[in-house]
Each structure stands twice: as C-alpha cells, then as structure tokens.
Amino acid sequence: MMMTIEELNSLCPGTLMEHLNIVYTEIGEDYLCASMPVNETTWQPMKILHGGATMALIESVGSALSLVLLDDSGYTAKGMEINANHILSVKEGLVFAKAKIIHKGIRSHVIEIIVTDEQDKIVSVSRLTNMIVKV
C-alpha cells in the first residue's frame with residue numbers, strides 16, 4: 001500500500017525539511033509534489049531563493065518519491081548523483097517541486113524534478129539518481 005502525504009509529512013519533524021518548511025502536497029503513481037516558501041529561511045544574501053535551498057527541495061522530493069515507490073520492500077534509497085539548472089530567480093512566495101520517475105530499476109532510480117514558481121514558470125530543472133540498497 002502506497003504511503004500517504006500525511007505519512008510522508010510525519011517523517012519531517014526535526015529534519016532539514018522542517019527547517020526549510022518543505023511540505024509534501026500531492027502523490028501519484030509515478031510522481032510526488034512538494035512546496036517550499038521563499039523567505040529569510042531560504043534566501044541567499046541578495047534576498048532571492050538560494051540555489052542550495054532549491055537543491056534541498058529537489059533532493060527531498062526526489063528521495064521521498066523513491067521511498068514511496070519502494071513501498072516497504074525491505075529496500076531504501078540513497079542519493080548518488082544530483083544536478084540542476086537554475087533558470088529563474090524568485091524573491092518571495094512559494095516554489096513547487098514535482099518529482100517524476102524516469103527509470104525504476106532494481107538497483108537505481110532516476111528521477112526528474114521540475115521546480116516552478118507561483119506563476120508556473122520553471123525555476124530549476126533537475127535529475128536525481130538514487131541507488132537502491134537493502135535496509
């Protein structure tokens with residue numbers, strides 16, 4: 001049985017996700033969505049969204065998607081490689097990440113993550129590779 005949004009969000013207290021106010025918002029068969037505010041917690045010194053905060057959002061939603069897809073199989077996901085192109089600066093509001101599985105292998109998952117702003121403009125495009133390991 002697939003994890004619920006509530007179960008995913010219940011894993012976040014005491015983590016970076018809680019500190020950055022990352023919230024899982026929607027789940028589907030092959031995707032997971034999350035949001036994060038753009039504010040003093042996620043700004044860089046020029047008061048725009050910090051690329052590192054964006055990467056934390058990207059890795060959080062991509063890794064959680066692997067966990068959802070593994071569904072208590074006795075395996076877990078560990079991040080192996082991540083890359084991103086930051087396309088648009090954001091000063092305030094929310095950003096939204098949608099992680100979608102591209103490759104679901106026995107030993108690896110490749111996930112595409114698109115981050116958008118409140119006007120649905122692309123902020124960052126990313127790919128995350130997770131290795132799948134026995135718990």
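This is a predicted model: local features need pLDDT of at least 70, side-chain atom pairs count only at pLDDT 80 or more; totals for chains, interfaces and linings use all residues.
Q: Relative accessible area sorts residues into buried (under 20%), exposed (over 50%) and partly exposed (in between), using a 1.4 Å probe and protein chains only. Why is Lys 100 called partly exposed?
A: Its relative accessible area is 37%. Residues count from 1 along each chain as its sequence is written, and side-chain values use heavy atoms, without hydrogens or water.

Q: What makes Lys 100 and Asp 30 a salt bridge?
A: Their side chains meet at 2.7 Å, N to O. The rule asks for a side-chain nitrogen of Lys or Arg within 4 Å of a carboxyl oxygen of Asp or Glu, so the pair qualifies. A search of the whole structure finds one salt bridge.

Q: Which parts does the pair of Lys 100 and Asp 30 tie together?
A: Lys 100 lies in strand β4 (residues 93-104), and Asp 30 in the loop between β1 (23-27) and β2 (31-38), so the pair ties together parts 70 residues apart in sequence. Strands are DSSP runs of E, at least two residues; helices are runs of H or I, at least four; both are numbered from the N terminus. Asp 30 is partly exposed, at 26%.

Q: How do you know that Ser 60 is buried?
A: Its relative accessible area is 10%. The cut-off is under 20%, so Ser 60 counts as buried. Ser 60 sits in helix α3 (residues 51-70).

Q: What is Ser 60 in contact with, leaving aside neighbours within four places in sequence?
A: Met 17, Ile 22 and Tyr 24. Contact means heavy atoms within 4.5 Å. A polar atom of the Ser 60 side chain also lies 2.6 Å from the backbone oxygen of Ala 56.

Q: Why is Asp 120 called exposed, and Asp 71 partly exposed?
A: Asp 120 has 61% relative accessibility, over 50%, so it is exposed. Asp 71 has 26%, so it falls in between. Asp 120 lies in the loop between β5 (108-116) and β6. Asp 71 is in the loop between α3 and β3 (75-86).

Q: What is the phi of Asp 71, and of Asp 120?
A: Near 45° for Asp 71, a positive value in a residue other than glycine. Asp 120 has a positive phi of about 65°, and is not a glycine either.

Notes. A polar contact is a pair of N or O atoms within 3.5 Å; within protein, one must be able to donate a hydrogen and the other to accept it, and residues adjacent in sequence count only if both atoms are side-chain atoms.
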